Amino acid sequence: MAVNAKIRILRFLILCLSAILCGCSEQQTPHPGTALESLFQSGKGKAIWVHQYREDSIKAQPELISLYSDKTEQLAIVDWILSGQNADEFTGTINSLLVLQFEYETANKVSDYAYMMYAETSEGEHYLKPFAMGPKFQFDSYRQEDGKTILALLGADQWYKLDKALHDVFPPAATKPLEQLGKNSYAMGEIHFF
């Protein structure tokens, strides 16, 4: 009987110590680029699709505007994401919004997607936020006022502030606009995006 009591006391002490240690450890939100970097460096990153909300288009929004399938380009984008700093709050007036769609593959099949909203403000600031893509972020047509709706859905907190714009990551000649992708690539983007 004495042995059982000692075992119970020992278990109780271990539980108490575990609770204290878990309560003392600080949990930090991982930077969104960290997971992306490991996926792209492990060879699972297949492509980064860039979609933009455009007022001047008759297509469903956001609209596919470019694709980065080269590993060097993908890692440059991940490095750009990793350069971001936590922002207390999104501030400014939305000038343009883009969705970065990260496509991963396993055994030559698309296995997963990750999405980030990229916002440029009229004040010249650049923000990025991971989010779960869904129908509420899709529009038949886009107006500037819809940017406020998107921002309200995403929330003004937990954004990352970047020093430079996405279009500054590569010189213009390095980007691949939609016109250069061909029908098969474009169809693939439409199938996988929604």
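Read along the sequence, the predicted model follows the pattern α-α-β-β-α-β-β-β-β-α-β-α, and its secondary structure comes to five helices and seven strands. Helices (H or I, at least four residues) and strands (E, at least two) are DSSP runs, numbered from the N terminus. Residues are numbered from 1 along each chain as its sequence is written. Because the model is predicted, local features need pLDDT of at least 70 and side-chain atom pairs count only at pLDDT 80 or more, while totals for chains, interfaces and linings use all residues; side-chain values use heavy atoms, with hydrogens and water left out.

Of the 194 residues in the protein, 37% are buried, where buried denotes under 20% relative accessible area, exposed over 50%, and partly exposed the range in between (1.4 Å probe, protein chains only). The protein exposes about 11700 Å², of which carbon and sulfur atoms supply 56%; accessible areas come from the Shrake-Rupley method with a 1.4 Å probe, and for residues only the protein chains shown count as cover. Among contacts (heavy atoms within 4.5 Å) with a separation of 6 or more, 69% involve residues 24 or more positions apart.

In soluble globular proteins, nonpolar side chains tend to be buried together. A nonpolar core is here a set of buried Ala, Val, Leu, Ile, Met, Phe, Trp, Tyr and Cys residues joined through side-chain atoms within 4.5 Å. The largest such core has 20 residues, of which Ile-77, Trp-80, Phe-102 and Tyr-118 touch the most other members. The elements α2, β1, α3, β4 and β5 each give two or more residues to this core. A second, separate core holds 18 residues, including Tyr-53, Ile-94, Tyr-115 and Phe-139.

Helix α2 spans residues 32–41, and its residues Pro-32, Gly-33, Leu-36 and Phe-40 are buried. Viewed down the axis of α2, the buried residues fall within an arc of 75°, so they line one face of the helix; the arc is that of the directions from the helix axis to the C-beta atoms. These buried residues pack against β1, α3 (71–82), β4 (94–106), β5, β6 and β7.

The whole structure contains 10 aromatic pairs. Rings of Phe, Tyr and Trp (its six-membered ring) pair if their centres lie within 6.5 Å; planes under 30 degrees apart count as stacked, over 60 as edge-to-face and the rest as tilted. The ring centres of Tyr-115 and Phe-131 are 6.3 Å apart with planes at 55°, so this pair is tilted. It links distant parts of the chain, Tyr-115 in strand β5 (residues 109–121) and Phe-131 in strand β6 (residues 126–131), 16 residues apart. Tyr-115 is buried at 13% relative accessibility, and Phe-131 is buried at 12%. Tyr-127 and Trp-159 form an edge-to-face pair, 6.3 Å centre to centre with 85° between the planes. Because Tyr-127 lies in strand β6 and Trp-159 in strand β7 (residues 159–162), the pair ties together parts that are 32 residues apart in sequence. Both Tyr-127 and Trp-159 are buried. One aromatic cluster is formed by Tyr-113, Tyr-115, Phe-131 and Phe-137.

Gln-61 is placed in the loop between β1 (45–52) and β2 (63–68) and is buried, with a relative accessible area of 1%. A polar atom of the Gln-61 side chain lies 2.6 Å from the backbone nitrogen of Arg-54. The side chains of Gln-61 and Glu-63 are joined by a polar contact of 3.4 Å; a polar contact is a pair of N or O atoms within 3.5 Å, and within protein one must be able to donate a hydrogen and the other to accept it, with residues adjacent in sequence counting only if both atoms are side-chain atoms. Leaving aside residues up to four places away in sequence, Gln-61 touches residues including Tyr-53, Phe-137, Phe-139 and Tyr-142.

Most residues other than glycine have a negative phi, and most peptide bonds are trans. The peptide bond from Gln-61 to Pro-62 is cis, with omega near 5°, and Pro-62 lies in the loop between β1 and β2. Asn-108, in the loop between β4 and β5, has a positive phi near 60° and is exposed, with a relative accessible area of 69%. Gln-158, in the loop between α4 (146–154) and β7, has a positive phi of about 65° although it is not a glycine. Gln-158 counts as exposed at 56% relative accessibility.
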